[in-house]
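Please go through this model with me and tie each description to the criterion behind it. I would like to know on what grounds each label is given.

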Number of protein chains: 2
Amino acid sequence: MKLSRRDLMAGAGAAAFASLPGAPAQAFAPQVGKQNASFYRYKLGSFEITAVTDGSATFPLADGFVKNVAKSEVNKALEAANLPRDQMTIVFTPIVVNTGSKLVVVDTGYGPAMLEKSGGKNGQFHSNLAAAGIDRGTVDAVVISHFHGDHINGLLTADGKPAFANAEILVPAPEWKFWTDDGNMSRAPDAAKPAYQNVRRVFGALGNKVTQYEPGKDVVPGIQSVATHGHTPGHVSLTVASGSDSMFVTCDLTNRPELFLANPGWHLMYDMDAAMAEATRRKMFDMVVADRMRVQGFHYPFPANGRIEKTDTGYRFAPTPWAASL
Amino acid sequence: MKLSRRDLMAGAGAAAFASLPGAPAQAFAPQVGKQNASFYRYKLGSFEITAVTDGSATFPLADGFVKNVAKSEVNKALEAANLPRDQMTIVFTPIVVNTGSKLVVVDTGYGPAMLEKSGGKNGQFHSNLAAAGIDRGTVDAVVISHFHGDHINGLLTADGKPAFANAEILVPAPEWKFWTDDGNMSRAPDAAKPAYQNVRRVFGALGNKVTQYEPGKDVVPGIQSVATHGHTPGHVSLTVASGSDSMFVTCDLTNRPELFLANPGWHLMYDMDAAMAEATRRKMFDMVVADRMRVQGFHYPFPANGRIEKTDTGYRFAPTPWAASL
């Protein structure tokens with residue numbers, strides 16, 4: 001006999017329930033109504049890493065969300081991953097690396113200005129940092145991978161002040177050059193102009209006090225940048241290495257793995273040079289798969305740490321099992 | 001050119017690092033050295049569910065850990081899942097269901113008596129409950145799936161007192177009958193006797209004040225038991241249903257999914273009737289796959305919530321993406 005959910009649920013309704021004898025009368029405990037502060041800690045060699053999420057944003061699935069594929073195909077991939085049709089949820093997970101001598105933040109989420117606007121769904125980075133026992137004032141360096149708002153806006157407090165007041169802000173040199181070029185902004189289509197203006201707003205609030213780093217070089221001891229241009233003109237990924245342990249921080253090589261690792265040929269609407277982005281991601285993920293490197297993704301499901309595996313048609317993200325102690 | 005990790009890491013060592021100009025001198029922030037309290041909340045209809053882990057136990061992989069497969073095969077499966085060879089880590093994740101009128105705990109982990117012995121690795125259930133804002137004294141019912149120590153020991157405090165002082169303790173009737181039968185204990189091999197003695201110890205400390213429930217019946221409104229005998233003679237799984245939402249709580253239908261969902265024919269050393277356990281799990285998982293039911297597993301990676309998918313050779317666990325807000 002094949003068992004079905006209907007068989008299983010028969011009689012499960014409250015109507016079928018007869019009070020068990022001897023059940024004590026209880027005061028009713030209200031539902032808590034609040035998620036855990038979403039941070040997760042692990043060791044990499046002697047480094048202590050904390051993945052600290054900024055939360056997520058959900059919006060209707062636009063027709064051009066994947067530029068080279070029909071919306072119906074995107075919906076199929078969502079369904080295959082048990083995700084709701086016709087909407088996209090993008091998650092944002094910066095990390096903090098305590099190397100033992102430097103406290104380093106990598107990317108910053110949308111930041112607290114979004115907390116109220118999003119009804120608490122995103123803009124959580126600073127409050128989750130505090131819950132994780134990390135004081136923003138003690139951060140030595142913030143490494144930025146690229147200049148999209150979900151990576152740089154958290155450099156500021158809700159009232160637009162520097163959020164990491166004692167930190168050096170490290171940005172990719174080609175990214176700085178591209179976005180701060182007024183000619184590039186003037187040539188950009190109107191719909192793209194706010195991104196350029198946002199770059200001026202955020203770094204302006206920091207007095208444009210940044211240190212530009214060249215992709216391919218060490219950024220801080222133990223953290224090296226890798227040129228992975230395409231998503232944006234100066235986009236970088238990072239490697240973090242301590243002793244014999246290392247991991248690859250993808251940054252925005254792909255967005256959600258259920259769509260874009262599964263289909264590496266899909267072109268996300270936010271990929272500024274989609275062909276270059278695709279070539280870059282295939283090259284990098286083939287390397288990561290061959291070496292079975294641990295990866296940390298920015299837009300992967302929290303805590304966004306795991307391995308990438310090759311499948312018949314693309315790749316798959318295999319999360320590292322959660323460890324309840326260090 | 002194929003990129004390798006060696007290329008990527010070239011120059012990543014501290015030796016290659018030259019201090020960036022302008023880096024401010026910083027006070028050094030020490031590593032925090034502590035994991036997040038491992039609980040996770042989600043809604044199921046109008047119910048609020050909290051997965052609250054007890055932690056994990058790691059031990060050397062014994063030859064007979066999988067009774068019908070050589071240790072080398074188990075090691076292959078561990079490696080395929082990026083888990084270390086020659087050792088097993090088992091995780092324990094009870095859940096709490098707040099139905100809106102009852103606060104219900106399902107299984108209890110090893111409990112706080114293990115906290116010190118395990119160096120904090122397990123026995124976390126009560127402290128994680130507190131971190132999740134759940135007061136043990138307000139729990140109305142504890143539903144036990146079966147009588148192994150990792151499910152019942154957390155019924156007691158570290159000093160052996162009832163941990164859920166105001167709760168009805170609900171146990172499967174056939175499980176009670178089996179384990180409390182002195183004839184069964186006397187016929188058991190010596191190595192198995194401590195499990196019988198542990199049942200007497202734990203329930204004795206509760207004055208044997210339990211309510212026996214018949215598998216297949218509602219246990220509390222919205223939570224129904226399902227006879228899934230095999231792992232133990234009276235083992236049950238549960239369905240939780242609220243409105244049109246429902247999920248299947250596997251309890252110990254399988255241990256770690258990387259081994260036992262991937263290989264449903266593998267017989268875990270703790271499966272008391274391994275052939276019955278295998279038949280039961282195949283029947284239940286085929287149902288869960290066909291209906292795409294949400295599942296909550298006890299020994300799955302925290303937070304242990306997701307779907308089960310069929311593969312060519314068995315099944316695979318697909319975790320629900322973490323949501324950073326309710």
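Before the questions start, one convention is needed: axes are lines fitted to C-alpha atoms, for helices over the stretch in contact, and angles run from 0 to 180 degrees between N-to-C directions. Residues are numbered from 1 along each chain as its sequence is written, while chains are lettered from A and ligands numbered from 1 in the order in which they are written. This is a predicted model, in which local features need pLDDT of at least 70 and side-chain atom pairs count only at pLDDT 80 or more, whereas totals for chains, interfaces and linings use all residues.

Q: What is the mean pLDDT of chain A, and over which residues does pLDDT stay under 50?
A: pLDDT is the predictor's confidence in each residue, from 0 to 100; the mean for chain A is 93, and 92% of its residues reach 70 or more. Over residues 11-24 of chain A, however, pLDDT stays under 50, and for these residues the model has 19 contacts beyond four places in sequence, a contact being two residues whose C-beta atoms, placed from the backbone, lie within 7 Å. Where pLDDT is low, the predicted coordinates should not be read in detail. For the model, the scores are ipTM 0.92 and pTM 0.93.

Q: What makes strand 10 and strand 16 of chain A edge strands?
A: Strands (E, at least two residues) and helices (H or I, at least four) are DSSP runs, numbered from the N terminus, and two strands pair if DSSP finds at least two bridges between them. In chain A seven strands form an open sheet in the order 10-11-12-13-14-15-16, with mixed pairing. Strand 10 (218-220) and strand 16 (315-319) of chain A each have a single partner strand, so one side of each is left without a neighbour in the sheet. On average, neighbouring strands of this sheet are turned by 35° against each other, direction ignored.

Q: Which strands of chain A does helix 10 lie across?
A: Helix 10 (residues 274-290) of chain A lies across strand 12, strand 13 (245-251), strand 14 (294-297), strand 15 (305-310) and strand 16 of chain A, and runs at about 100° to strand 15 of chain A.

Q: Why is strand 11 of chain B called largely enclosed?
A: A residue is buried if 20 or more other C-beta atoms lie within 10 Å of its own, exposed if 12 or fewer, and partly exposed in between. Four of the five residues of strand 11 (residues 223-227) of chain B are buried, so this strand is largely enclosed by the rest of the structure. Two bridges join strand 10 (residues 218-220) of chain B to strand 11 of chain B, the two running antiparallel, and Asp218(B) has Gln224(B) as its bridge partner.

Q: Why is Asn75(B) called partly exposed?
A: Asn75(B) has 16 other C-beta atoms within 10 Å, a count that lies between the limits of 12 and 20 and therefore makes the residue partly exposed. Asn75(B) lies in helix 2 (residues 71-80) of chain B and touches Arg85(B) and Asp86(B), not counting residues up to four places away in sequence.
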